[in-house]
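These are my notebook entries from going through one structure by residue and by element.

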Amino acid sequence: MKKVHCSRNFCYRGVIKILKYLVAVTFDLNTFAILSGILLSCSRPKKIIKYANITGFMLGLIIFLYRLSDPKGTNLFLMSFNRWLLVAVAGVSIIAVIIFLLNNKKISLWPLSLLIILSLMSITPPILQYTREFVYFGESGISSNAMLRALGFCLGLIACFLISLSAFEVHKALKSEKYKFIFALISIIIFSLEYISSAISALQRLKIIPLSDFVFDLMIWRGENSNAFIFAQIILCVVMLIFVIFTHLKPVGNFANNALLRKEKAKLRNSRRWSWSLLIWCAASIFIIIVLHYYDTKPPAEVEPESYTLENNIISIPLEQVGDGHLHKFLFKSPGGFNVKFLVVKKPIGTSYGLGLDCCEICGVAGYFERGDEIVCRRCDVVMNKNTIGFKGGCNPIPFEYSIKNKIIYIDVKELIKHERRFK
């Protein structure tokens, strides 16, 4: 029975490692993937949009490589550049919409090409940044954990590619240029609104616009409804594929011979199949963004505090009780009536241990939980580096003094009483 339990636990942790990057890549790339497929379909010649995608990716790669010189993210020039890039994408998307409307419903390639280039310059660096997170501190580069994270990343890319390809084929199947224009325009408008909301936040951080009530409310709304624009693009795709299915049910008109009729039927059947494909990948995207994201980020129920020995105001915890590398929580009832929670975890390298309160300076008493091999903040979902637990800073558990002698952790309750009011 023990082997079965361990096997299930290993499978669960493996799935969690895959989900994290599958969800992250799908969330970051989905709206652009749909837009890119639609624009590639309605552009003539297509090679211009293809070159725009290649150029945008290469420029994004250069930005990512430059970002490697700033691993802590403190480069003020790069931070400012990224914010201005969001503003540029929003501005070009607005220009593209205006030109669409003024250009007698004809597709103008230069604003679309510039929009794709700037968008990929903005999207590519954070997506490539995920590849630097596959190997956690202290792990081997070819460990099963790293391979599972890379697998999730690749699955996210594949899902976005397939929804883009399906959107391309379905949009191409539209018989009327008028409808092609309408669907392309709506897709650009949705993409434009997404970046406008981000650009307003960026302009406020650049001190270009003041933090008014409207700007503040917009920033709050953007944070709480980050999926809205993905759902809007997916709804657009569903409407488009339904339109294609019902206009491609049977051949219309007369055909000179049966061969041409069979060819037309095959063409209609192929369009319907791509429509069903787009529906499947739209549903898969929603499933990933809602359901899998929920399972990836949901904190488990709070674990029961473990027992310890208390003598002469000294807490003692045997190392063998907490030496498995997992999160262990304890509760001390202070004389003032406060429930002071603290945690212990063995670090992955060496024989050292990390101790801290089950709270931090940023998120307060939200506490931490264990997800797979990771220690995660319940409030902000930030993953803790186990090797930094016991040190001050960031979202780390607040440290306190302790000692280890003869394979036993000793904690003076005075150290916990100092922090009791944090748990009021």
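The entries below take helices, cysteines, charged pairs, surface and loops in turn.

**Entry 1. Model and helix lengths**

I noted at the outset that this is a predicted model. I then looked up helix α6, which covers residues 177-205. Its 29 residues should span 42 Å at 1.5 Å a residue, and its end C-alpha atoms are 42 Å apart, so expectation and model agree.

I made the corresponding check on helix α3, residues 76-102. This helix has 27 residues, and the distance from its first C-alpha to its last is 39 Å, close to the expected 39 Å. I also listed buried residues of α3; among them are L78, L85, V87, V89 and A90. Further along α3, the buried residues include S93, A96, I99 and F100.

What caps the N-terminal end of α6? I found S176 there, with a side-chain oxygen 3.1 Å from the backbone nitrogen of K178.

At the other end, I looked just after α6 and found K207 with a positive phi of about 65 degrees. K207 sits in the loop between α6 and α7. I recorded K207 as exposed, because its relative accessible area is 68%.

**Entry 2. Cysteines**

How many disulfides does a search of the whole structure find? I recorded zero. C237 is in no disulfide, and the nearest cysteine sulfur, that of C282, is 4.5 Å away. C282 likewise is in no disulfide, its nearest cysteine sulfur being that of C237. A disulfide would need the two sulfur atoms within 2.5 Å.

I then checked accessibility for both residues. C237 counts as buried because its relative accessibility is 0%. C282 counts as buried at 1%.

**Entry 3. Salt bridges**

I searched the whole structure for salt bridges and recorded five. Side chains of opposite charge can pair when their charged atoms come close. I followed up three of the pairs.

The first entry is K180 with E177, whose closest N and O atoms are 3.8 Å apart. K180 and E177 are three residues apart in helix α6, so about one helical turn separates them. Is K180 buried or exposed? K180 is buried, with a relative accessible area of 8%, whereas E177 is exposed at 58%.

The next entry is E194 with R222, a salt bridge of 3.8 Å from N to O. This pair links distant parts of the chain, with E194 in helix α6 and R222 in helix α7 (residues 213-224), 28 residues apart. E194 is buried, with a relative accessible area of 13%. R222 also counts as buried, at 17% relative accessibility.

The last pair I followed is E415 with K418, where the closest N and O atoms are 3.3 Å apart. E415 counts as buried at 16% relative accessibility, whereas K418 counts as exposed at 61%.

Which side chain does Q233 join in a polar contact? I found S187, at a distance of 3.0 Å. Q233 lies in helix α8, residues 228-247. Q233 counts as buried because its relative accessibility is 0%.

I also looked up F32, which is in helix α1, residues 2-42. F32 counts as buried at 5% relative accessibility. F32 and C160 are 128 residues apart in sequence, yet their C-alpha atoms are 8.9 Å apart in space.

**Entry 4. A nonpolar patch**

Which residues form a nonpolar patch on the surface? I recorded Y51, I54, F57 and M58, which together have about 420 Å² of accessible area. I looked up M58 individually and placed this residue in helix α2, residues 46-67. M58 is partly exposed, with a relative accessible area of 42%.

**Entry 5. Positive phi in loops**

Most residues other than glycine have a negative phi, and most peptide bonds are trans. K407 has a positive phi of about 65 degrees although it is not a glycine. I placed K407 in the loop between β9 (403-405) and β10 (408-412). K407 is exposed, with a relative accessible area of 67%.

Conventions: Residues are numbered from 1 along each chain as its sequence is written. This is a predicted model: local features need pLDDT of at least 70, side-chain atom pairs count only at pLDDT 80 or more; totals for chains, interfaces and linings use all residues. Side-chain values use heavy atoms; hydrogens and water are left out. Helices (H or I, at least four residues) and strands (E, at least two) are DSSP runs, numbered from the N terminus. The expected span of a helix is 1.5 Å times one less than its number of residues. A polar contact is a pair of N or O atoms within 3.5 Å; within protein, one must be able to donate a hydrogen and the other to accept it, and residues adjacent in sequence count only if both atoms are side-chain atoms. Buried means under 20% relative accessible area, exposed over 50%, partly exposed in between (1.4 Å probe, protein chains only). A salt bridge is a side-chain nitrogen of Lys or Arg within 4 Å of a carboxyl oxygen of Asp or Glu. Patches are made of residues with over 30% relative accessible area and no salt bridge: like charges are joined within 9 Å, nonpolar side chains (Val, Leu, Ile, Met, Phe, Trp, Tyr) within 5 Å. Accessible areas come from the Shrake-Rupley method with a 1.4 Å probe; for residues, only the protein chains shown count as cover.
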